[in-house]
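Take a look at the protein below. We will walk through a few of its residues, then turn to a pocket.

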Amino acid sequence: MTAQLQDAYAFPELPLDPVDAGTNLLLTGPPLVGTQRLLLSMVTGADEGEGLLFVSADEDGVSIIEDYETAGHTFDPSRMCVIDCTDHSPESTGAVRQVSGPSDLTGIGIEFSSLYESLRESGVDRARVGLYSIPTLLAFAEDFRAVYRFLHTVTGRIRTADGLGVFAIDPDAIDDEAFATVAQAFDARVIVREGDDGPEFRVRGLPDQPDGWHPVP
């Protein structure tokens, strides 16, 4: 096995092959067809030594943790944390860091860098990053370009640190030009849709992945 494959991120709950460390995926789909549920599955690792950093702009941090555990996962605050970007959350705790709101891109970036560094200092050298969702950041931003610069910086940090990033976006919530610009920061897409038998997804832009549509678990 090559060193690259050894460092790849696996998806134990999904019919996907591992992806290289440093990959950033854009998860596209409407909010009510299992997009958030799929995102939580993708940031759940098989390796207990992996860290998780979740940026939540649509739902407060405590609720995100509840969703994570309701889905059958164990939230370990020693290696998992949430940046809460909503404006209706209680004070920060050890596992949940609050910023002033989804427009506070500087605050989100500072907390992201601080938490990422804390994980590494605690011995966690691999981390998955989830963000839900990009349209909310865009809705509160005064300038679209600021959101793009933020995404470019964060995905660059994930790529440099050999992490895995999964960022959700509803393409119908923004215009085509903004979507095309945002997509430039990512390596590939995971597309979610409502199928005949329920939510399903497929991967585009990554080699050696199973073809076709798969049910969202």
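A residue counts as buried when its relative accessible area is under 20%. Keep that cut-off in mind. The model shown here is predicted.

Start with Cys-85. Its relative accessible area is 0%, so Cys-85 is buried. Cys-81 is buried as well, at 5% relative accessibility.

Now move to Glu-50. Where is it found? Glu-50 sits in the loop between helix 2 (35–42) and strand 2 (51–56). Glu-50 has a relative accessible area of 5%, so this charged residue is buried. Which side chains does Glu-50 meet through polar contacts? One is the side chain of Arg-126, at 3.1 Å. Another is the side chain of Arg-128, at 2.6 Å. Leaving aside residues up to four places away in sequence, Glu-50 also touches Tyr-9, Gly-45, Arg-79 and Val-124. Gly-163 is 113 residues from Glu-50 along the chain, yet their C-alpha atoms are separated by 9.5 Å.

Gly-45 and Arg-79 lead us on to the second largest pocket. Together with Thr-44, Tyr-68 and Met-80, they lie nearest its centre. The pocket holds about 180 Å³ of space. Its lining has 15 residues. These divide into five nonpolar, five polar and five charged.

How values were computed: Residues numbered from 1 in each chain as written. Predicted model: local features only at pLDDT ≥ 70, side-chain atom pairs only at ≥ 80, totals over all residues. Heavy atoms only, no water. 1 Å grid on protein atoms, 1.4 Å probe; cavity = no way out; pocket = protein on both sides within 12 Å on 5 of 7 lines; lining within 4 Å. Points joined across faces, edges and corners; volume = space filled by probe spheres on them. Buried < 20%, exposed > 50% of the residue type's maximum accessible area, 1.4 Å probe, protein only. Helix = DSSP H or I, 4+ residues; strand = E, 2+ residues; numbered from the N terminus. Contact = heavy atoms within 4.5 Å. Polar contact = N/O pair within 3.5 Å; in protein donor to acceptor, adjacent residues only side chain to side chain.
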